[in-house]
Amino acid sequence: MRFLFGEFTIDPDRRELCRGGSAVHVEPQVFDLILHLVRNRDRVVSKDDLLANVWGGRIVSESTLSNRINAARRALGDSGEQQRFIKTIARRGLRFVGEVREGVQSAAFEEPSTPLVVPERPSIAVLPFANLSGDSEQDFFADGITEELITALSRVRWFFVISRSTTLAYKNRDIDAKRVARELGVRYVLIGSVRRDGDRVRITGQLIEGSTGGNVWARSYDRALSDVFALQDDITQTIVGAIEPELSRAERERAKVKPRDSLDAWSTYQRGMSHLYRYTREDLAEARNLFEQAIAIDPDLGPAYSGVAEALYYEVVYGFAANVEDSRERAIGPAQRAVALDAEDAAAHCTLGRIRYFRREYAAAISELRTALDINPSLALAHYGLGAAYVFSGRAAEAFDPIELAIRLSPHDPNMGSFLVRLAEAKYLVGDDESAVAFALKAIGQPHFQWSRYAILIAALGQLGRLDEAHRYLDELKRHRPEFSVSFVQIMHPFSRDMGIDRYYEGLRKAGVPERPAGRPEAHQRPPASTAAPQEVTFCRTSDGVNLAIATSGSGLPVVKGANWLNHLEFDWQSPVWSPLFTLLSERFRLVRYDERGTGLSDRDVQDVSFEAVVRDLETVVDKLGLERFALFGISQGASVSIAYATRHPERVSRLILFGGYAQGWRQRADAAEIVRREALLTLIESGWGMDNPAFRQVFTSRFVPGATSEEMNWFNDLQRVSTSAENAIRLINMFSKIDVTDLLPRVRAPTLVLHSRGDAGIPFAQGLLLARGIPNARFVALESDNHVVLSHEPAWARFTDEICGFLSEDG
């Protein structure tokens, strides 16, 4: 049901806010806030209500809440003074006071004949150029000209360009430009033809204004084939100038297509593209063969490398790959090569991003896909890829906007089945099972078989208790994939292993899906994340009689992680917060961790909890393992301990990494008001630390990882409970609050890398700067994150891990 108020329309199905027919960009959380207020306009909505329904029960700061409310008002042209739509009711909450009318239910995706809103920015559809050569074998040549023009126009950032995949639906059809403009929601339509005769080519083009059908521009070119790429640049610049005369020369230069060196290679590549989107086993094999031929002719033809990666990707998606993991591994090389050859090719970044999430490298995937969209905001596949990366990495609520925009840009896309199944999965993962069924059924209605369309439909039907329907679709699926099972989904689908998708598997089980294929108990079984590099736990005894637990994993250069406030070797190893980092380090180095005295598997009942004692603990661990020289990694409080150790034993520390650390504890650096707040937190610990209700511990969790998923939040809440007692937590906090190692900083001799999150609410960013400035020749890296612990699904993760691994690898 759409809601209309003033000049605005809010459409829950499309997750779209429009003003006067034009979309208003809002962040997903701001959209949810507006929608919740509109839906509950008959009452005052309290802060607790907002936290429960918009933030999923997470505790957020007053400033975060105020920022979102202000953003909602700005999106509606409202303000705190006017309160035309959103009114603050003192000490009670908010109420939506605008007059709201309810519209008819909007279809999530309308038939192409339904007129779409024309964007305010210049919008254009380039229809397939007609092949007038009298030779059907030259169709690929005409299609290639069309694709290059679309790519060129898309590089102009303020153009809205319909994707090639959608406009191909108009190939070999009588063209009514006014109707096409209405169906696709664009202002301009470019039509044309290509006639190739020997070594000459004639290209004609006509730009039509959609609302009137009148010509904006028309021209004919007759050139030698050797000039075809210069010809494309000429056409593109002329069209840009015709649509937007005020465009600067610099912007027209950006619209140029990178020239190809070999027409033969380019033609071979285009033949490969003609096979790629047919999605049959034979066509994908032929596409890959043609792309490899194109590379043999021209080793610098970047799109051909992307084509190889795409073919490998689709062979897995459609079930043709003989070895799934091998195909995933083989796809990354050509995808990276394509980006290396042309860093300005949005499609290359898009392909690399999709291969990244295909390999469960989510942060890197999101970064690549955002780069693709920075270069070409009209690239539908990149918008879809970004949404898919969000779904697979456990951020389903963020997936709707990019995927729906992909469908708006490319309503006839050959990947529409994938677009729709990702929406179904996102709906399911946020708990909307009915919508998940609706989108999954739409996906199944698209051409080409994909098992994932059936899997999410079966899971949603299982949750809804519609078991007869679920069994019917399960029988249909097993005719295509007899090995389908819960373990098949676990290994085949690129979901994060730590994203909390148990509900997906629960739905499959409710629907009667077997746990694993009959007769093959080990087939497709995904091991737990930690088994990639198993850890060995041993114990050592300190000079004052405390037993410390030590975990080692991996091989190679020793990297010792100093203990910090909360540790639990087994709990951390399985956690969605720490496991990605520990697994990565264990794959490349010999990682050593230990539980602080009074925490985790180490002795809890200890007399001495002092800074000197915890520094001696690090010395004991290193001596027990016989480490003569190693890299030292200090996180949070562990940074201060590591600095003290490095100055006492400079001959042993080859490299020093300090992340989220500080030189001065909060009692040394904070003002009186901050000290009062910190001491209030100590009272909370004393009152509620061990309770089953996590409300007290949530205060600390929200401070350390405000950007965490619900699963990560829950884990961090539990870590506090299982890692130590309330008494020991208070003792450790008090001890660390008095630290001051400022005088030790100039005495550090090891090469040092300091990393700190800009928005870290737990440890001020200024403390990271203090460390870097005080340690001779230290390198400082600012991470674009609000989390004290960088999470594997956020953009800063790739920079965080690349810097650490690169720094450590300098020792060989």
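Leaving aside neighbours within four places in sequence, which residues is Tyr357 in contact with? The legends below take up this and other close-up views of a predicted model.

**Figure 1. Surroundings of Tyr357 in the largest nonpolar core.** Leaving aside its neighbours within four places in sequence, Tyr357 is in contact with Tyr313, Tyr362, Ala365, Leu369, Tyr384, Gly385, Ala388, Ala389, Phe392 and Pro494. The largest nonpolar core has 111 residues, and Tyr357 is among those with the most contacts inside it, together with Ile458, Phe484, Tyr504 and Leu508. A second, separate core, made up of 87 residues, includes Val559, Trp578, Leu745 and Leu808. As general background, nonpolar side chains in soluble globular proteins tend to be buried together.

Figure 2. Over the face of Tyr428 lies Arg503, at 4.6 Å from the ring centre.

**Figure 3. Two aromatic pairs with their geometry.** A pair of aromatic rings is described by the distance of the centres and the angle of the planes. The structure holds 27 aromatic pairs, and in one of them the rings of Tyr313 and Tyr314 have centres 5.2 Å apart and planes at 85 degrees, so this pair is edge-to-face, an angle over 60 degrees being what that class requires. Tyr313 and Tyr314 are both buried. Tyr454 and Tyr473 form an aromatic pair that is instead tilted, with 6.5 Å from centre to centre and 55 degrees between the planes. Because Tyr454 lies in helix α19 (residues 451–464) and Tyr473 in helix α20 (residues 467–480), this pair ties together parts that are 19 residues apart in sequence. Tyr454 is buried, with a relative accessible area of 7%, and Tyr473 is buried as well, with a relative accessible area of 15%. The ring of Tyr473 also has the charged end of Arg472 sitting over it, 5.2 Å from the ring centre.

**Figure 4. Helix α15 and the glycine that follows it.** Helix α15 covers residues 380–392, and at 1.5 Å a residue its 13 residues should span 18 Å, a value with which the 18 Å between its end C-alpha atoms agrees. Of the 13 residues of α15, 13 are buried, so the helix is largely enclosed by the rest of the structure. After α15 comes Gly394, whose phi is positive, near 95 degrees.

Figure 5. The structure holds 25 salt bridges, and one of them joins Glu315 to Arg288, the closest N and O atoms being 3.1 Å apart. This pair links distant parts of the chain, with Glu315 in helix α11 (residues 302–317) and Arg288 in helix α10 (residues 281–297), 27 residues apart. Glu315, at 8% relative accessibility, counts as buried because the cut-off is under 20%, and Arg288, at 17% relative accessibility, counts as buried too.

Figure 6. Arg597 forms a salt bridge with Asp617, in which the closest N and O atoms are 2.8 Å apart. The partners come from distant parts of the chain, 20 residues apart, with Arg597 in the loop between β17 (590–594) and α25 (611–625) and Asp617 in helix α25. Both Arg597 and Asp617 are buried. In a further salt bridge, the side chains of Arg652 and Asp623 meet at 2.7 Å, N to O. Arg652 lies in the loop between α26 (637–648) and β19 (653–659), whereas Asp623 lies in helix α25, so the pair ties together parts that are 29 residues apart in sequence. Arg652 counts as buried at 15% relative accessibility, whereas Asp623 is partly exposed, with a relative accessible area of 47%. Elsewhere, salt bridges that share partners join Glu329, Arg356, Arg359 and Glu361 into one network.

**Figure 7. The whole chain as context for the close-ups.** The protein chain has 33 helices and 21 strands, and of its 812 residues, 58% count as buried. Among contacts between residues at least 6 apart in sequence, 67% join residues at least 24 apart.

Note on methods
Residues numbered from 1 in each chain as written. Predicted model: local features only at pLDDT ≥ 70, side-chain atom pairs only at ≥ 80, totals over all residues. Heavy atoms only, no water. Salt bridge = Lys/Arg side-chain N within 4 Å of Asp/Glu carboxyl O. Helix = DSSP H or I, 4+ residues; strand = E, 2+ residues; numbered from the N terminus. Buried < 20%, exposed > 50% of the residue type's maximum accessible area, 1.4 Å probe, protein only. Expected span 1.5 Å × (residues − 1). Phe/Tyr/Trp six-rings, centres within 6.5 Å; stacked < 30°, edge-to-face > 60°. Lys NZ or Arg CZ within 6 Å of the ring centre and 35° of its normal. Core = buried A, V, L, I, M, F, W, Y, C linked by side-chain atoms within 4.5 Å. Contact = heavy atoms within 4.5 Å.
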